[in-house]
Amino acid sequence: MRLVIDGIEFGYSSVPVLKDITLDANGPQLLSIIGPNGVGKSTLIHCINRILSPTKGTVMIDGDMVNDISLKDLAKKVGYVPYSANDTFPLSVVDTVLMGRHPHATYKSLDKDLDIVYDTLRLLDIENLAMRNFNELSAGQHQKVMLARGLVQQPEILLLDEPTSNLDIKHQMEVTRILRDLSQEKDILVIMISHDLNIAAKYSDTMIMLFDGLIYAIGKPSEVITKENIKAVYDVDSEVIDSHGRPHLIMLDEEFDSRDTALPADTYAVKEKR
Amino acid sequence: MAGKQDYYRTIHKKWLFILVCSLLMLVALVFSLSIGMYNLDFVECYRILIDHLTGNITDIYADDIVVNTRLPIGVFAIIVGAVLALGGAVMQSMLRNPLADPYTMGVSSGALLGASIAIVLGNGVMPFFNDSWIRIIMAFGFSLIPVAVILIFSFKRSVTATKIILIGIAMMYIFSAVVQLLMITASEETLAEIYSWRVGTLALTTWETIPIPLGISLVCGAVLMYHHRRINVMMAGSKSAHSMGVDPEKTILVEITLVSLMTAAVVCFTGTIGFVGLVGPHIARLFIGSESKHLLPASAVIGGLFLLLANCIARVSGEYGLPVGVISAIIGCPLFIFILVKMRRKSAWN
């Protein structure tokens, strides 16, 4: 599968957010989009699945313009995992994930759809939550259920808006590893927005650094995560070390680090009560 | 697979719940026939119905009271309750708002304004119809104004759940203000008529009342049931619904038009009957969750049962009975608060 974005522009009211984004990505791979808040990361993925329509430029999937694909057919090709889940009403985890089968569902497909749902829950190690109410779960469990809903769409492109933002470090690694493995096993182009640069650099095949509505850097993690790029885009000093062939970022704060911040050994604001 | 079997077991329980509520509704319907000035017990009513169906009528007077006076009221109570609760379930799920009901878009206040104008102007509005039909036609027409405004608005701007609620509230205020204006200038007799229409009643129901609202409700209800999957997906929010192949704007417009149409079809005959549309779906959610395939029929059955029982209470209260709209709100409010407390304890929603 191939995603081609050709010179897209988008703005809210008169404020331009995406200025001229051009991209040619092939699956399978895990592609991370990074960049400071407000640079247009979510806007970019919303333009891919037509939630937003670019004011200029085109988005093509396997040679077809996304605007020419029916919404239902587009949902079979492109899955989306939102940043936050809507849980106004009580709905079981199975029913929540089953929604993702909507573009494929027919009046006789429930049994097959349930097989796909339970296989996916098992894959993400949340089968034990199947009959629980979605709104009784923790934020981290919510994210896994949302991921399952995106996966049961069986898409060729899976878009994820900060899928690990509410997870602890173990689950952040686990989910990102699953996304990387799934991209290879199921031949999917996984596009993930992330604010955790080290997790993204550890598992991604390609990284895109957005800044000021433009692609500032694109390439392998070692080409994107450099102290020069981090300084230019985030205005943060850093050291980048090598960890098993991938970049690992150490953030520096010279002004703070230069202070005498060591606490006296016997004074703590809070003591453990025995 | 154990997991899948668990899911199927849950589905079977939900259908069983809907079936049991439907049977209870039928029992309550026969029970409702025994209530009124002319004393009849449950078994007698059952016998009169059987006799009527078999053509073996022994007591013409009792047969007339049960079959021609009380039965249409009971049947219409079920239809009205079912329509309002089904509409409430659809509106709540689609707008992702637990406070939404069929009146959210100003359907009832539109109907009230239409009826009020007809009452004030008499048959000068439509000289070819009698007074009660003029009221019904005016109420029906005016109750569809809010949805027409939303549809016109949608040509210019995108329609979101929040905008729909705000437009509905704005329409409600405009309609209420005009009704107030009419009431200030109205004579005492007209004022009483507007007031009685405002509180909602089933007492004027005859068999002639039923076919039009029943026909419209059946068609709209069937289409809403057919759309249960997309209504379900709308609960995920508009961006997620879009990414799952559902056009949120188009879906909102189609479904609110259907809900408005069937609500208008019943409200124009009964006046404003409150709380069924709000409480019915929430009781259903308490038992079977929010999955639309089961929530929509369960809400309809519970709404029908609720209004039927409210109507029974309305008819035993006082010599001429109280308007069912009043009873429905008096029972509905504490019940609603009880459900909120109960559901919070069960963490059914945040």
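Chain A has ten helices and twelve strands. Both are DSSP runs, numbered from the N terminus: helices are H or I with at least four residues, strands are E with at least two. The radius of gyration of chain A, taken over C-alpha atoms, is 21 Å.

A word on the source. This is a predicted model: local features need pLDDT of at least 70, side-chain atom pairs count only at pLDDT 80 or more, and totals for chains, interfaces and linings use all residues. Residues are numbered from 1 along each chain as its sequence is written, while chains are lettered from A and ligands numbered from 1 in the order in which they are written.

Back to chain A. Its C-alpha trace spans about 70 × 55 × 40 Å along the principal axes. Of its 274 residues, 43% count as buried. Buried takes 20 or more other C-beta atoms within 10 Å of a residue's own; exposed takes 12 or fewer; partly exposed is in between; C-beta atoms are placed from the backbone. Now contacts: two residues are in contact if their C-beta atoms, placed from the backbone, lie within 7 Å. Among contacts in chain A with a separation of 6 or more, 66% join residues 24 or more positions apart.

Next, where the chains meet. Chain A gives 31 residues to the contact, and chain B gives 31. On the chain A side, H2 (71–77), E6 (78–81), H3 (93–98) and H4 (110–123) each supply at least two residues. H2(A) has the largest share, three residues. By class, that side has 16 nonpolar, ten polar and five charged residues. Ala, Val, Leu, Ile, Met, Phe, Trp, Tyr, Cys and Pro count as nonpolar, Asp, Glu, Lys and Arg as charged, and the others, Gly among them, as polar.

Over to chain B. Helices H6 (145–156) and H7 (161–185) of chain B pack at about 135°, axes 10 Å apart. Which residues of H6(B) and H7(B) make the contact? From H6(B), Pro146(B), Val149(B), Ile150(B) and Phe153(B); from H7(B), Ile164(B), Ile167(B), Gly168(B) and Met171(B). Seven are nonpolar, one is polar, none is charged.

Last, Leu181(B), also in H7 of chain B. Leu181(B) counts as exposed because it has 11 C-beta neighbours inside 10 Å. From Glu249(B), Leu181(B) is 68 residues away in sequence and 35 Å away in space, C-alpha to C-alpha.

How values were computed
Axes fitted to C-alpha atoms, helices over the stretch in contact; angles between N-to-C directions. Rg over C-alpha atoms; globule rule 2.2 N^0.38 Å.
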